[in-house]
Amino acid sequence: MKYLYIFIISCVLCISCKEPQARKPISVKTGTNFLENSVERTKKRLEAENNLITNYIKQDSVNTYFNTNKGFWYTYIKKDSTQTTTPNFGDKVVYTYSVSDINNNNIYTRDEIGEQTCYIDQEDEIIEGLRQGLKYLKLNEEIKFIFPSQLAYGYRGDGNKIKVNTPIICNVLLKEITTKKD
């Protein structure tokens, strides 16, 4: 019995004293098909959104829409030609807005959202489209903005009423501008 224990201990010591063996590399697929498919899906989604927006603008023959270099469209609901000042970096603005979908179905009313205050280009809490759109408004003007999903709530939605990849329409009224110099 004594020899059996010695034999087992000798075997364990011999096995445990070996140098570690290197593993052969596991072949990994690069994932280019996934990325290519993702790019194609995104292109198709953006094209479909642009078609929705273009059709909406064509059907609204009453208003003239302007396309911005920021990627959204707008039209004036109420324009004040006597005002000359638009908000700049750091200016405090007070505004109200409503949100609807591309079929003009209300998503959020002005009353639900309430009066909002922000500092131009210093807020991360608001969507990119609205952050850029506020700079187009003058005091007491109202503008209808059409934001594609990437400038609105994107691939996440708002977690409540706005679904993923949904273009939205915001009617924004600028109530107050306080310049950072004031």
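The model is a predicted one. Its protein chain contains four helices and seven strands. Of the 182 residues in the protein chain, 34% count as buried.

**Overall fold**
- Read from the N terminus, the elements of the protein chain follow the order α-α-β-β-β-β-α-β-α-β-β.
- Among contacts in the protein chain with a separation of 6 or more, 68% are made by residues 24 or more positions apart.
- The protein chain has an accessible surface of about 12,600 Å², and carbon and sulfur atoms account for 52% of that surface.

**Strand pairing**
- Strand 7 (residues 168–178) pairs with strand 3 (residues 92–101) in the antiparallel sense, over ten bridges. Val99 stands opposite Cys170 of strand 7.
- Strand 7 also pairs in the antiparallel sense with strand 6 (residues 142–147), over six bridges. Here Phe147 stands opposite Ile168 of strand 7.
- In a regular strand, side chains alternate between the two faces of the sheet.

**Nonpolar cores**
- The largest nonpolar core comprises 26 residues, and Tyr95, Leu134, Phe147 and Val172 have the most contacts inside it.
- Strands 3, 4 (106–108), 6 and 7 each contribute at least two residues to this core. The largest share, five residues, comes from strand 7.

Technical notes. Residues are numbered from 1 along each chain as its sequence is written. This is a predicted model: local features need pLDDT of at least 70, side-chain atom pairs count only at pLDDT 80 or more; totals for chains, interfaces and linings use all residues. Side-chain values use heavy atoms; hydrogens and water are left out. Two strands pair if DSSP finds at least two bridges between them. A nonpolar core is a set of buried Ala, Val, Leu, Ile, Met, Phe, Trp, Tyr and Cys residues joined through side-chain atoms within 4.5 Å. Buried means under 20% relative accessible area, exposed over 50%, partly exposed in between (1.4 Å probe, protein chains only). Contact means heavy atoms within 4.5 Å. Accessible areas come from the Shrake-Rupley method with a 1.4 Å probe; for residues, only the protein chains shown count as cover.
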